[in-house]
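Please look over the chain shown below before reading the report, which moves from the overall fold to one pair of strands.

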Amino acid sequence: MSDPVTAPVRPSSARFTIGVSLKMYFSHARTLAWSTEVAEIARRHPAVRRGVVDLFVVPTFPSLVPVQEALAGTSVRLGAQDLATDDSGAFTGEVSGAELAEIGCTLAEIGHAERRTLFHEDDAVVAAKTAAALRHGITPLLCVGEADETSPALAALEVTQQIDLALAAADEAGFLGPLVVAYEPLWAIGAPVPASAGHITAVVAAVEDHLAGLPDRAGSRVIYGGSAGPGLLTGLGGQVRGLFLGRFAHDASAVERILDEALALDESLALDETSALDETSAADAARRDGATS
């Protein structure tokens, strides 16, 4: 292991974070065509241009460099679907965090259920990869979720334990930086519909409270994945700060529809915040008047 070599990416100030993983569904040509279309959307869409949405894409390894080129001139962030636990050496087929940072990746997906199930990655591997990402200033896109459908309280307990285990190696080494936590209940991945809004918002709120108690992870964000698609962000009413999309975003127009939702929600929430501030100011003024009369 080496010492930290890169400062962590600054936390996003955007109201929402929206990301798409392409997994291994597209050909190289289709990946580039899709990425070019998303870049064009990002260049013109007010949700991205105004900083309402922090948008990221996670293509396959061979596509990273040309996708980065397609995204030039936009604020869209580039993520990798995996990274190695080590920075260099005889690790055939692996890609290090050092190299990912070098080519412009600012996120790396870690802990996805498919990596755990198909490639037998356990908590120790997830922790080592989380540390490797933070060591190079890459934000871990940490995937967590309960295996079986259960109550929000039990789900939140299981998920926060997963987060703590994933951070064990980074905490021990003193690697700082925020996370993007993708809450993806395993029972909802690949399902026709996502988890219920009530379940999602309750678990996400509990995870946010947990992360707020970790000063080394200041600026972390929790988003929802697991059969997420157009309509869900609106259905969550602004109570969840973003979505991690998969197959429902294979048509780039779906990404644009979700950006439309984010923009509308931002405008609605801003009005609510202004109204609440006005009410507070009026109440304070009334108390001052009462005290002086």
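What share of the contacts in the protein chain with a separation of 6 or more do residues 24 or more positions apart account for? Such residues supply 75% of those contacts, a contact being heavy atoms within 4.5 Å.

## Basis of the model

This is a predicted model, in which local features need pLDDT of at least 70 and side-chain atom pairs count only at pLDDT 80 or more, while totals for chains, interfaces and linings use all residues. Residues are numbered from 1 along each chain as its sequence is written, and side-chain values use heavy atoms, with hydrogens and water left out.

## Overall dimensions

The radius of gyration of the protein chain, taken over C-alpha atoms, is 20 Å, which agrees with the value near 19 Å that a compact globule of 293 residues would have; the globule rule is 2.2 Å times the number of residues to the power 0.38. Along the principal axes, the C-alpha atoms fill a box of roughly 80 × 40 × 40 Å.

Of the 293 residues, 48% count as buried, that is, under 20% relative accessible area with a 1.4 Å probe, protein chains only.

The protein chain has 11 helices and eight strands, which are DSSP runs (H or I, at least four residues, for helices; E, at least two, for strands), numbered from the N terminus.

Strand β2 (residues 53-58) pairs with β3 in the parallel sense over two bridges, where pairing requires that DSSP finds at least two bridges between the strands. Within this region, Val 57 stands opposite Leu 78 in β3. From strand β3 (residues 77-80), Leu 78 and Ala 80 point one way and Arg 77 and Gly 79 the other way, and all are buried.

Key. Buried < 20%, exposed > 50% of the residue type's maximum accessible area, 1.4 Å probe, protein only.
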